[in-house]
Amino acid sequence: IMQKKLNKNYIYSVLVPTFHEEKNIKDFYKAFQRINNKSKKFFLFVDDSKNNLTALKINKYFIETDYKILKFKKDKKISTRCKSSWKGFIWLTKNINCDYVVEMDIDLAQHPKDLNRGLNYLSKKKGDVLIFSKYLKNSKNEGRTILRKTISYLYSKICRTLFSARITDYSNSYRIYKTESLKDLLKTKRNFDSPIQHLDNILFFIKRGYSIYETYCHYVERKGADSSIKFRHLYAYFIDFVSCIKKNL
């Protein structure tokens, strides 16, 4: 299927890493249809899937939308989530004219209904980064298990102690970046393939004095999330976490 020419100006782009997400495409598309956002937006799907089922679903539902599927071969490492994101960031900043770049997952744990408020807030504040925090007063969290809560609490507690107590959520990947500020981040080296790169990204902005804001969000843990957590994953993430902290202190 031919995709539309990419010579437009957009208010924002949505970066969505995907890995065998064919079952989530329809709901993700409909969620964006329901938020009644008339701002010009572009979708970039960085697809690591080993087959074309996810791409076929994207082409089916986003056919009237400005979008691109960027195929990315997943290697055998435990997680290449942030490697995919970084590749998407680079592509967007080189090929799409937009004011903001939104990074989010496709499983609706992070919901588009929070997006309009977040964009308006960041624009009004003239900020560089906005984090949708799970830990603010009006935030809602559903389905989070004790394991997830404990890991997340300790993670954020350590980061708040070592870096900035003003930020409550260091782990959520649901963020809005001002495009010009994101370009500055991309001049640096990506250090981690794992989700710890989310932390490294935000520490870049903290250390260089960029304006970072947070707003509340509605977070719904995907079903079976704990079943995907294995000891070797936790160990690998812990090693990256320690490495990231040492690098940024």
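Is Lys-8 buried, exposed or partly exposed, and what is its relative accessible area? In this predicted model, Lys-8 is partly exposed, at a relative accessible area of 37%, where buried means under 20%, exposed over 50% and partly exposed in between (1.4 Å probe, protein chains only). Residues are numbered from 1 along each chain as its sequence is written, and side-chain values use heavy atoms, with hydrogens and water left out. Because the model is predicted, local features need pLDDT of at least 70 and side-chain atom pairs count only at pLDDT 80 or more, while totals for chains, interfaces and linings use all residues.

Eleven salt bridges are present in the structure, a salt bridge being a side-chain nitrogen of Lys or Arg within 4 Å of a carboxyl oxygen of Asp or Glu. Lys-8 pairs in this way with Asp-66, with 3.2 Å between the closest N and O atoms. Lys-8 lies in the segment before strand 1 (9-18) and Asp-66 in the loop between helix 2 (53-61) and strand 3 (67-71), 58 residues apart; helices (H or I, at least four residues) and strands (E, at least two) are DSSP runs, numbered from the N terminus. Asp-66 is buried, at 9%.

A salt bridge also joins Asp-47 and Lys-71, the closest N and O atoms being 2.8 Å apart. Asp-47 belongs to strand 2 (residues 41-47) and Lys-71 to strand 3, so parts 24 residues apart in sequence are tied together. Asp-47 is buried at 0% relative accessibility, whereas Lys-71 is partly exposed at 45%.

Arg-81 and Glu-103 form a salt bridge at 2.9 Å between the closest N and O atoms. Arg-81 is buried at 17%, and Glu-103 is buried at 0%. Arg-81, Glu-103 and Asp-105 are linked in a salt-bridge network.
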